Amino acid sequence: MIIDSNTLDDNFRETADVVIVGSGAGGAPIAYQLAASGLKVILVEDGKNFDISSFKRDSWKVMRDMYRDSGTVLTSGSPSLPMPLGNALGGTTIINSGTCFRMSEKVFIDWKKNFGLSGFDYANLIPHFETVEKMIGVADATAETVGSNNILFAEGAKKLGLHPKPLPRNAPDCKGAGLCVFGCPNGAKKSMELTFLPAASEKGATIITSARAEKIIIQNGQAIGIAGSFLDENKKKRGKFQIDSKVVILSCGAIYSPYFLLKNKIANSSKQVGKNLHIHPAAKVVGIFNETINAWSGIPQGYYVDDYADEGIMFEGFFLPPAFLSFALPAYGMDLKKLMANYSKMAGFGIMVTDSSHGKVIAGLDKSPMIFYSLNKTDTSKFKKGIEIAARVYFEAGAKKVLLPLIGFDEINHPDELKILHETEIKPSQLELSAFHPMGTCRMGDNPKTSVVNPFLETHDIKNLFIADASVFPSSLGVNPQVSIMAFSLWAAENILKQIR
């Protein structure tokens, strides 16, 4: 049952076996698995429930409605980065690009080496990966829907000896609308509000929207419930609620889960809550061609190139509607107008870095978390190399001009100019970046002095308080994390069931 909190009375109180905070890639699968196992589950989500009719082509309205703080979440540091987060039933899965990779076993082995993870092996995740991929319909992007934007980059990449591949996605019925990050208007992207959440509801879970959890109730060192406020149509507090439970699960993501713990001043004897933030910083390169590309037609993120993945550099497709792309181009005034006149002749591809840089989340003085993150020299070098490679790909594909996210090298008109870039030392402040995958702020490990949760995702400090989201990952995955978050969520469910029984 999915309920808007505005249909419930003030001072609502209920009892459950499990209460879950958050409905994204972490909260939705664990709600389904626990409800399917016969437990009484209540999930609360502070965002609203949006259906397909809400996914209009008015991208600004979607951003205001479905993005956290209307898409204005930013990091402080060098450089400052926008970090889009979802704020709706389904979390960020409703507004992501739909890319679905499993994390590599190599990364997991590194975690075991550095953090122990006793009783937890990569093999434990395999059946959960399989369950997730079946539930959300993961399949490679098809030739009919990837669009000319991705095909163009692939052709240039092949000329350089690279190996472009179609991206695995959770959109088996994709029609190539090109609006993945604004909610799929065809319902083809199998995000949480279309898959795990209705399945959880069918198994008896109660899902309450516009309900903001504010406090974890603790008794004798155990979590025994949550308290919070209902929100009205304008996201103003309307009334109070309390849910008493045997188990509490935080699935608020790697920004808001640590923020929640810090505001409650709990589960932080390690002093690691909010620290170790990794974000997969990303840049974009835009090629301008003589011929019409119509890059908005088809999947924005339909191909990838992982030839440099071992160096921490991944290339993935990207494109945006004109209102948003215009903000991301290195020009203003008449110069921007001239560039945008070539919108139909533009193509874009993204560079994502497996970051060794790390930042932190703190509670701040107001009602929002503060995020600090600065790029180190190692990751800056990765971007420099990735930008140079992407630019060469576009020149191989026939671009007459390439726009770079790099102050001092905004526009390249010939591949020979890249030699100057190659020989120039770049500062982080010169890069124009974004971030889409916060991780690491409540990392897991054997040692309570260096980690927040144990390998079974229960907090070291408080019994029956679990965290199931990307905050438990000790480092960057190197690939888009949503499938891995879902698999870890089901791993947590497996352990919760053992503990309860």
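Which residues in α5 meet which residues in α10? I put this to the structure, a predicted model, before turning to other elements.

**Entry 1: α5 and α10**

I looked up the contact and found Asn-149, Phe-153, Gly-156, Ala-157 and Lys-159 on the α5 side. From α10, I listed Ala-390, Val-393, Tyr-394 and Glu-396. Sorted by class, the residues of this contact are five nonpolar, two polar and two charged. I then checked the geometry: α5 (residues 147-159) packs against α10 (residues 377-396) at about 95°, and the axes are 7 Å apart. I therefore recorded α5 and α10 as roughly perpendicular to each other, since angles of 65 to 115 degrees count as such.

**Entry 2: α4 and α12**

I next examined α4 (122-136) and α12 (482-500). Their axes come within 8 Å and cross at roughly 120°. I noted α4 as oblique to α12 because of that angle. The crossing in which α4 passes α12 is right-handed. I sorted the residues of this contact into 10 nonpolar, four polar and two charged. On the α4 side I listed Asn-124, Leu-125, His-128, Phe-129, Thr-131, Val-132, Glu-133 and Ile-136. These meet Val-483, Ser-484, Met-486, Ala-487, Phe-488, Leu-490, Trp-491 and Glu-494 in α12.

I asked which elements cover the buried residues of α1. Among them are both helices of the previous entry, α4 and α12. I also noted helix α6 (196-202) and the strands β2 (12-21), β3 (41-45) and β10 (237-250) in the cover. α1 itself spans residues 27-36, and I found eight of its 10 residues buried. I recorded these as Gly-27, Ala-28, Pro-29, Ile-30, Ala-31, Tyr-32, Leu-34 and Ala-35. Just after the helix, Gly-38 adopts a positive phi of about 95°.

Is Asn-11 buried or exposed? I recorded Asn-11 as exposed because its relative accessible area is 61%, and the cut-off for exposed is over 50%.

I located Lys-235 in the loop between β9 (222-231) and β10. With a relative accessible area of 31%, Lys-235 is partly exposed.

**Entry 3: a cis peptide bond**

I found a cis peptide bond joining Ser-78 and Pro-79, where omega is about -5°. Pro-79 sits in the loop between α2 (59-66) and α3 (105-115).

**Entry 4: Asn-454**

Where is Asn-454 found? I traced Asn-454 to the loop between β19 (434-435) and β20 (465-467). A polar atom of the Asn-454 side chain lies 2.8 Å from the backbone nitrogen of Phe-456. Leaving aside residues up to four places away in sequence, I noted that Asn-454 touches Met-444, Gly-445 and His-460.

Note on methods: Residues are numbered from 1 along each chain as its sequence is written. This is a predicted model: local features need pLDDT of at least 70, side-chain atom pairs count only at pLDDT 80 or more; totals for chains, interfaces and linings use all residues. Side-chain values use heavy atoms; hydrogens and water are left out. Buried means under 20% relative accessible area, exposed over 50%, partly exposed in between (1.4 Å probe, protein chains only). Helices (H or I, at least four residues) and strands (E, at least two) are DSSP runs, numbered from the N terminus. Contact means heavy atoms within 4.5 Å. A polar contact is a pair of N or O atoms within 3.5 Å; within protein, one must be able to donate a hydrogen and the other to accept it, and residues adjacent in sequence count only if both atoms are side-chain atoms. Axes are lines fitted to C-alpha atoms, for helices over the stretch in contact, and angles run from 0 to 180 degrees between N-to-C directions. Angles under 35 degrees count as roughly parallel, over 145 as roughly antiparallel, 65 to 115 as roughly perpendicular and the rest as oblique. A crossing is left-handed if the near helix is turned anticlockwise from the far one by less than a right angle, and right-handed if clockwise. Ala, Val, Leu, Ile, Met, Phe, Trp, Tyr, Cys and Pro count as nonpolar, Asp, Glu, Lys and Arg as charged, and the others, Gly among them, as polar.
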